[in-house]
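Hi,

Here is the structure I promised to pass on. Have a look at it first, and my notes on what turned up follow below.

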Amino acid sequence: RATLDLCPPGHPDRHYALAQLASSLRTQYNLLGNLELAIDMQKQVLDLCPPGHPDRHNALANLASSLWTQYNLLGGQADLDLAIQHSQQALAMLHPMHPSYPWVAGFLASIILKHPLQSSETLPSSIPDSEEAFRIYSTLKGGSWHPSADLQDSVASWVQHAEQYQHPSILDAYQTSLTVLDHQITIHSSLPLRHGTLQSKITSLANDAFSSALRLNHIEQAVELLEQGRALLWTQLARLENPLVGLQSQSGRGNDLAREFKDLSNKMQSFTNHSHGQGESSDTTQYFKILHSWNDAVRKIRLEPGFSRFLLPPLFTELQEAACNGPVIIVNASKHGCDVLIVLHSQPPLCVPSVEVNLEDVIRLSSTFVRLIQESTFATRKRQDNHDMNRRYRITEALRELWEKIVHPVVRVLQGTVKLPFGKRIWWCPTAQFTALPFHAAGPYLPNQKNLMGLYCSSYTPSLSALNRARSRLSADSVSSTPLNLALVGQALPDESQGQELRTVDTELNLISDMLPASISFNKVTGPEATCAAVVDAFHAHRWVHLACHGAQDPKNPFDSSFAMRDGPLTLLDILRHKFVNSDLAFLSACHTAVGDRSTPDEVIHLAAGMQFAGFKSVIGTMWKVSDELAQHVVKRFYEQMFKVKQPSYKYAAVCLNNAVIEVGKAGLVPLEQRIVFMHIGI
């Protein structure tokens, strides 16, 4: 008010002072109800901004917003009509690339669709119809605005209304929303900050998009949308490592662009992999300059022949390559329902019928299973009380329900339609709450009936792109002549803050070294020598790694998940600062190495996924806490299986793990929950 007094009628800033006061009154209205005064002042602002005034669009939009609020309060039709008219005028004054355009467009389209006469048979000509509203929404597609909260809110409104009206633009709405989310995350320089941003967003966006596309029978686009919106943080990291071999081989401009992109990507990585978790770093301005230059370099590369889709979300034809060695089974949970899709290499994807579960069923089953595992005691054959037996019975019941509702319908399609022979490999790609469930362990658990492990060999993948990236390393490393060697890494006694002593670490490593064939050399890194730096060096120097130590998943900051070493935690973020070349197999015999955080399950942020991203093509991790005394039974049989092969290879890891778990189960050495804790990721 004092500012307004200093700007009397005729003052060039009076409209600005009035607008600021009106805005404060709008805020105060939420508490005390001073809306009429705010509207009166906004009308004065509009009078002070005649046609041609540079701030007239703001005056029109702000007044329209207040009139819409008053309409919701009092129901006056005139307020709504005037709000629409003012918004139309404001939008007409804005260039589509104007920063205010997304908010005005989203607001106008939204209030048009909420007009009470939209549902009547005869809509007055003065009121735009629903098609006009969706035309306005569609102008948000493909824009290159700064990824603001206004833009995200407007696109989210488009998704909501397109679902409500079952409008044909729904998939465009989802794709635009996923693109905006990707851009909004990228503006943060570090991985922890990006993860924090994701936690506050709608994490089910990709899942809902997948389900909507399937309902419209756009099956291939469903896969593209899911892939675009899942594992965003891994995708963004991968962009900084995208190979430009074809461009580098060109002379002149192409080679210069490749060099520029690589240089800028290295600078971006130095920001992305730092550990700032609270607030932006002091060099945010420098980051934005590099980000702008990087985006400009990407734009130039896309103009080069053969690079028009450089770093754009992959098309289905690219994603389908993930199924070259076996079907990839996407299990999706969303508010629209649960769907299972089998991606095949040389055939169209197959929707699995008879999957009759909804999101509530999945949440219940997932929560039940997690609770039972958390309650589980590591009972041995010598010490089993009735409580342990009852809990294991309930775990079996949960696995049986998973079989009946999800896995068995998949098996019927694999056997009947796909004609997939028994014993072949399959890959699971679960989403949302499904990520907490051990699909590999599902089964009827009845005499004379095989569980899934007895039918097919299961692996997991965070995304189809992750599997393709691992296979691209396979072709890149195929010329390597590095002899097969193994690092046996163990830390039984870290500092007290990281856990108690693990009594069987040395036993586990010794039983592996004792059965190694002469053709495989090995090095041990244990005890005081097992420091963070020494372990990372071992990862670099060896094609195979077996790691026995404490593992910790940080549920709030998953990039702080870690392996316990003598001098402190070796975190996931530490690992991601490295690229391990010619690295094939990592067996992570530690707790919680394949557990993502519950707030963003579709990001699949855990130690096993991080090891795969850092270069290991095949990774064995654990889905919950593992007993070191019991784990060695599975470990022993895994390596026995592996060394039966004439030429041991990481490519046999999934099959060897599957067979080892079956053998241990038949021998009765390890309780169920400790047999099925291990899972395989990758090739």
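Let me start with helix α10 (residues 191-199), where 7 of the 9 residues are buried. Buried here means under 20% relative accessible area, with exposed being over 50% and partly exposed in between, using a 1.4 Å probe and protein chains only. The buried ones in α10 are Leu-191, Pro-192, Leu-193, Arg-194, His-195, Thr-197 and Leu-198. Helices are DSSP runs of H or I with at least four residues, strands are runs of E with at least two, and both are numbered from the N terminus.

Before you go further: this is a predicted model, where local features need pLDDT of at least 70 and side-chain atom pairs count only at pLDDT 80 or more, while totals for chains, interfaces and linings use all residues. Residues are numbered from 1 along each chain as its sequence is written, and side-chain values use heavy atoms, with hydrogens and water left out.

The protein splits into domain 1 (1-116 + 130-237), domain 2 (238-303), domain 3 (316-460) and domain 4 (482-682), with bounds from an automatic or database domain assignment. The centres of domains 1 and 4, taken over C-alpha atoms, are 48 Å apart. Even so, 14 residues of domain 1 are in contact with 15 residues of domain 4, contact meaning heavy atoms within 4.5 Å. About 1300 Å² is buried between domain 1 and domain 4, and carbon and sulfur atoms give 62% of that. His-195, Arg-230 and Trp-234 supply 46% of what domain 1 buries against domain 4, more than any other three residues. That area is the accessible area (1.4 Å probe) that two parts lose on being put together, summed over both.

Another helix to look at is α4 (residues 56-74): its 19 residues reach 27 Å from first C-alpha to last, close to the expected 27 Å, which is 1.5 Å times one less than the number of residues. In α4, 14 of the 19 residues are buried. Just after α4, Gly-75 has a positive phi of about 80 degrees.

Now the aromatics. Rings of Phe, Tyr and Trp (its six-membered ring) pair if their centres lie within 6.5 Å; planes under 30 degrees apart are stacked, over 60 edge-to-face, and the rest tilted. That rule gives 22 aromatic pairs. In one of them, Phe-261 and Trp-294 have ring centres 5.8 Å apart and planes at 35 degrees, so the pair is tilted. Phe-261 sits in helix α15 (residues 253-272) and Trp-294 in helix α16 (residues 284-301), so the pair ties together parts 33 residues apart in sequence. Both Phe-261 and Trp-294 are buried.

Phe-587, Phe-638, Tyr-639, Phe-643 and Phe-678 form one aromatic cluster. Lys-579 lies over the face of Phe-613, 4.7 Å from the ring centre, and Lys-617 does likewise over Tyr-650 at 5.6 Å. The criterion is NZ of Lys or CZ of Arg within 6 Å of the ring centre and within 35 degrees of the ring normal.

Ser-589, in strand β12 (residues 585-589), has a relative accessible area of 6%. Among the residues Ser-589 touches, not counting those up to four places away in sequence, are Glu-508, His-546 and Cys-549. Ala-653, in helix α26 (residues 653-667), has a relative accessible area of 0%. The C-alpha atoms of Ala-653 and Leu-585 are 7.9 Å apart, though 68 residues separate them along the chain.

Cheers
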